[in-house]
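The sequence and the structure come before the discussion.

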Amino acid sequence: MPDDAAEQSEIPDAAASRALRAQLLATEHWSLLASRGTTQSEVLTRISMFLTLVSAGLVSLALVGQASDFSEAFGVFAIAVLGVVALVGVLTQVRVLNVAMEDLMYVLAMNRLRAAYVDLDPGIADTLMASTRDDYAGVRQTYYFLTPRRGQSQFVGSSMLFIIAVNSAMIGLLIGAIVNALGAVTWLVVLIGAVIGAAFGVFSVWRGQRRFLGFWKQYRPLNPSPTTPDPAAPPPPPQ
């Protein structure tokens with residue numbers, strides 16, 4: 001009889017422990033969601049402010065250019081305005097890249113929490129569309145789980161590539177304005193501005209990819225997928 005009573009007392013204790021664990025996991029999940037939402041909102045606001053500055057700067061250049069008949073003073077004004085816009089753009093780009101890495105952290109953390117949910121109740125595994133794996137394959141599934149692999153449009157349409165494209169154009173214009181102020185011919189101004197702008201864009205993409213791949217080289221997942229693809233490997237050919 002004492003043994004039966006002890007076993008019966010352990011059942012409520014185990015149930016209470018599982019309920020407490022589920023509550024703690026849910027609290028952490030909501031905290032991550034709130035932090036992720038706040039971060040995304042903050043970076044979108046900064047992008048909007050930057051685009052407003054770009055628009056205002058280009059409009060001011062057009063107005064001053066017409067008023068000054070594109071004199072030497074206009075060249076100085078253009079360099080000053082484009083320099084400020086380019087500086088704010090680079091700072092915005094740095095923040096967008098940081099937020100992208102922070103968002104990766106949030107996704108990995110929530111994938112781990114889903115794995116803990118499945119440990120508590122294995123029956124919910126089939127209802128989860130997002131992944132329970134905290135590795136590269138799990139991140140890809142959580143970010144884009146409609147197909148086995150993310151389409152190239154996800155990268156082309158990303159905020160990071162958008163900011164890089166705008167900054168490349170602004171830096172190209174800035175360099176062109178500087179070269180033009182030095183007295184270069186028009187075709188050389190256009191060529192140097194285009195080359196520098198394109199070089200900045202290529203470097204920015206390379207730098208972002210290097211940081212992303214560098215993270216995966218040193219990261220060790222707790223719940224790896226049975227077969228984890230190499231993020232540096234090329235995507236498989238379409239079926």
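## Fold

Helices here are DSSP runs of H or I with at least four residues, numbered from the N terminus. By that definition the elements of the protein chain run α-α-α-α-α-α from the N terminus on; there are six helices and zero strands. The model is a predicted one.

The protein chain has 239 residues, and 31% of them count as buried. Its accessible surface comes to about 14,900 Å², with 66% of that belonging to carbon and sulfur atoms. Among contacts in the protein chain with a separation of 6 or more, 74% are between residues 24 or more positions apart.

## Nonpolar cores

The largest nonpolar core is made up of 23 residues, and F50, V54, L61, V85 and V96 have the most contacts inside it. Three helices each supply at least two residues of this core: α1 (2-68), α2 (72-120) and α5 (159-181). The helix that gives the most is α2, with nine residues. Apart from its neighbours within four places in sequence, V85 is in contact with F50, L53, V54 and M170.

## Aromatic pairs

A pair of aromatic rings is described by the distance of the centres and the angle of the planes. The whole structure holds eight aromatic pairs. One of them joins F212 and W216 edge-to-face, at 6.1 Å centre to centre with 75° between the planes. F212 and W216 are four residues apart in helix α6 (residues 186-218), so about one helical turn separates them. F212 is partly exposed at 27% relative accessible area, whereas W216 counts as buried at 11%.

The pair F215 and Y219 is stacked, because the ring centres are 5.2 Å apart and the planes stand at 25°. Y219 is buried, with a relative accessible area of 13%. Ring pairs link Y136, F212, F215, W216 and Y219 into a cluster.

## Salt bridges

Five salt bridges are found in the whole structure. In one, D103 pairs with R36, and the closest N and O atoms are 2.6 Å apart. This pair links distant parts of the chain, with D103 in helix α2 and R36 in helix α1, 67 residues apart. D103 counts as buried at 7% relative accessibility, while R36 counts as partly exposed at 24%.

D134 and R112 meet through their side chains in another salt bridge, at 2.7 Å from N to O. Because D134 lies in the loop between α2 and α3 (136-143) and R112 in helix α2, the pair ties together parts that are 22 residues apart in sequence. D134 counts as buried, at 0% relative accessibility.

## A charged network

Salt bridges also link E42, R46, R95 and E102 in a network. Within it, E102 forms a salt bridge with R95, the closest N and O atoms being 3.1 Å apart. E102 counts as partly exposed, at 25% relative accessibility.

Methods. Residues are numbered from 1 along each chain as its sequence is written. This is a predicted model: local features need pLDDT of at least 70, side-chain atom pairs count only at pLDDT 80 or more; totals for chains, interfaces and linings use all residues. Side-chain values use heavy atoms; hydrogens and water are left out. Buried means under 20% relative accessible area, exposed over 50%, partly exposed in between (1.4 Å probe, protein chains only). Contact means heavy atoms within 4.5 Å. Accessible areas come from the Shrake-Rupley method with a 1.4 Å probe; for residues, only the protein chains shown count as cover. Rings of Phe, Tyr and Trp (its six-membered ring) pair if their centres lie within 6.5 Å; planes under 30 degrees apart count as stacked, over 60 as edge-to-face and the rest as tilted. A nonpolar core is a set of buried Ala, Val, Leu, Ile, Met, Phe, Trp, Tyr and Cys residues joined through side-chain atoms within 4.5 Å. A salt bridge is a side-chain nitrogen of Lys or Arg within 4 Å of a carboxyl oxygen of Asp or Glu.
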